[in-house]
Amino acid sequence: MNVKQDLYNQCLEFVENRLQSVQNTINEIQESLQSETKSSAGDKHETGRAMLQLEREKAGNQLAEIENTKQILFKVNTDRSTNIVGLGSIIYTTKANYYIAISAGEIKVGNEKFYAISANTPIGQLLAGKTTGSVITFREESFKITNVI
C-alpha cells in the first residue's frame, strides 16, 4: 500500500472513531433522558433534563462537524499525484511532513511522521498552491518544501 493511501485510511479511521464516540454519547444522553423520572424535587428534575438537553445539542453539533469532515475526506483522491500542493497532497519539508486532508494530528507511516492538517488551517493555507523548492515562513520560522506528492 502506498503512503498516500495509508495516510488516507488512518484519517478515515480517525473520523470513524470520533463518530462512534459521539454516537455513544448521544445514546447515553438519550437513555438518561428516558430514565429520568419526575420526583418530588421538580425543579431539580427540570434542571437535570435541561442539562441533558444541552449536552444532546452539543453532541449533535459535534456529529454535524464530523459529517462535514467526512465529506471533505471523501473528496481526497489518493490516486492523483501533482507537484502543486492541494487537497490530498503529501508535503515533505525541511521541518516536518504534512498531509493535506483533515485535521487529525500526527500520523505515522512506517518510520515517517506526518501531520494530517486541513487545508483551512493557517499552515495549510500557506502551503496551498506551492511547489517543490518553495520556502515558507510560519511563526517566524522558515522551511523549504523538498517534495510534493
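1. In this predicted model, helix H1 covers residues 3–35. At 1.5 Å a residue, its 33 residues should span 48 Å, and the end C-alpha atoms are 48 Å apart, so expectation and model agree.

2. At the start of H1, the backbone nitrogen of Lys4 has a side-chain oxygen of Asn2 within 3.3 Å. An α-helix has 3.6 residues a turn, so residues three or four places apart point the same way.

3. The model contains 3 salt bridges. One of them joins Lys70 and Glu16, with 2.9 Å between the closest N and O atoms. Since Lys70 belongs to helix H2 (residues 42–74) and Glu16 to helix H1, the pair ties together parts 54 residues apart in sequence. Lys70 is buried at a relative accessible area of 13%, whereas Glu16 is partly exposed at 33%.

4. Arg18 and Glu65 also form a salt bridge, at 3.5 Å from N to O. Arg18 lies in helix H1 and Glu65 in helix H2, so this pair ties together parts 47 residues apart in sequence. Arg18 is partly exposed, with a relative accessible area of 30%; Glu65 is partly exposed as well, with 43%.

5. A salt bridge also links the side chains of Glu141 and Lys95, at 3.9 Å from N to O. Glu141 is in strand S6 (residues 141–148), and Lys95 is in the loop between strands S1 (90–93) and S2 (97–101), 46 residues apart. Glu141 counts as partly exposed at 40% relative accessibility, as does Lys95 at 43%.

Definitions and conventions: Residues are numbered from 1 along each chain as its sequence is written. This is a predicted model: local features need pLDDT of at least 70, side-chain atom pairs count only at pLDDT 80 or more; totals for chains, interfaces and linings use all residues. Side-chain values use heavy atoms; hydrogens and water are left out. Helices (H or I, at least four residues) and strands (E, at least two) are DSSP runs, numbered from the N terminus. The expected span of a helix is 1.5 Å times one less than its number of residues. A polar contact is a pair of N or O atoms within 3.5 Å; within protein, one must be able to donate a hydrogen and the other to accept it, and residues adjacent in sequence count only if both atoms are side-chain atoms. A salt bridge is a side-chain nitrogen of Lys or Arg within 4 Å of a carboxyl oxygen of Asp or Glu. Buried means under 20% relative accessible area, exposed over 50%, partly exposed in between (1.4 Å probe, protein chains only).
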